[in-house]
Amino acid sequence: MNLADDEDFQGMPEDVRNEILQAFGGVTRDDLLREEYAHQIEAWRTKGFDVAHIEHLLEEDLPDFRERSARLIRLQVAKRADSGRYRCPLCEVRLESTAEECGNCGARFS
Ligand SMILES: [Zn+2]
């Protein structure tokens, strides 16, 4: 979708529309969105997130980018939270990183 197809935009008086189009220099709304999202991706990259998939999303699915990228970032946040813990080498029950003993199988780690 670009400005020419946008209902809000089409509802504006013509001189206002022309002014906006000139200000954007023919840039479409998709272009603006893509730019905004690219900045967001950079911010995530700076924070150490894996953005390879998300960059792909930007090319493949702009309309759903916001929702899908948020889901991918949430997944990564969840994984990181998980890495503060570890699994018992014997029974694979999840343990706090400070655990000295597995409450499930009784293995000791201290
Ligand atoms: Zn165990």
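The structure is a predicted model. Cys 102 belongs to the segment that comes after strand E2. When residues up to four places away in sequence are left out, the contacts of Cys 102 are Cys 88, Leu 90, Cys 91, Val 93, Leu 95 and Ala 107. Glu 92 is ten residues from Cys 102 along the chain, and the C-alpha atoms of the two are separated by 9.5 Å.

Glu 92 itself is located in the loop that runs between E1 and strand E2 (94–96). Its phi is positive, near 65 degrees, although the residue is not a glycine. In general, most residues other than glycine have a negative phi. Glu 92 has 11 other C-beta atoms within 10 Å and is therefore classed as exposed.

Confidence was examined for the whole protein and for its elements. The mean pLDDT of the protein is 84, with 90% of its residues at 70 or more. Among the elements, the lowest mean pLDDT, 75, is that of strand E1 (residues 85–87), whereas the highest, 92, is that of helix H4 (residues 52–60).

Helix H3 covers residues 29–46, which is 18 residues. At 1.5 Å a residue, such a helix should span 26 Å, and the distance of 26 Å between its end C-alpha atoms agrees with this expectation. Gly 48 follows H3 and has a positive phi, near 90 degrees.

The packing of H3 against H4 was described next. Two packed helices are characterised by the angle between their axes and by the distance between those axes. For H3 and H4 the angle is about 175 degrees, and the axes are 10 Å apart. Because angles over 145 degrees count as roughly antiparallel, the two helices H3 and H4 are roughly antiparallel to each other. On the H3 side, the contact is made by Arg 34, Tyr 37, Ala 38, Ile 41 and Trp 44, which meet Ile 54, Glu 55 and Leu 58 of H4. The residues of this contact comprise six nonpolar, no polar and two charged. An α-helix has 3.6 residues a turn, so residues three or four places apart point the same way.

Tyr 37, one of the H3 residues that meet H4, has 18 other C-beta atoms within 10 Å and is thus partly exposed. Beyond four places in sequence, Tyr 37 touches Leu 58 and Phe 65. Gln 10 is 27 residues from Tyr 37 in sequence, and the C-alpha atoms of this pair are 25 Å apart in space.

Leu 72 is part of helix H5 (residues 65–83). This residue is also partly exposed, with 16 other C-beta atoms within 10 Å. Apart from neighbours within four places in sequence, Leu 72 is in contact with His 53 and Ile 54. Leu 72 and His 53 are 19 residues apart in sequence, while their C-alpha atoms lie 8.3 Å apart.

Definitions and conventions. Residues numbered from 1 in each chain as written. Predicted model: local features only at pLDDT ≥ 70, side-chain atom pairs only at ≥ 80, totals over all residues. Helix = DSSP H or I, 4+ residues; strand = E, 2+ residues; numbered from the N terminus. Expected span 1.5 Å × (residues − 1). pLDDT = per-residue confidence, 0-100. Axes fitted to C-alpha atoms, helices over the stretch in contact; angles between N-to-C directions. Parallel < 35°, antiparallel > 145°, perpendicular 65-115°, else oblique. Contact = placed C-beta atoms within 7 Å. Nonpolar A, V, L, I, M, F, W, Y, C, P; charged D, E, K, R; others polar. Buried ≥ 20, exposed ≤ 12 C-beta atoms within 10 Å, placed from the backbone.
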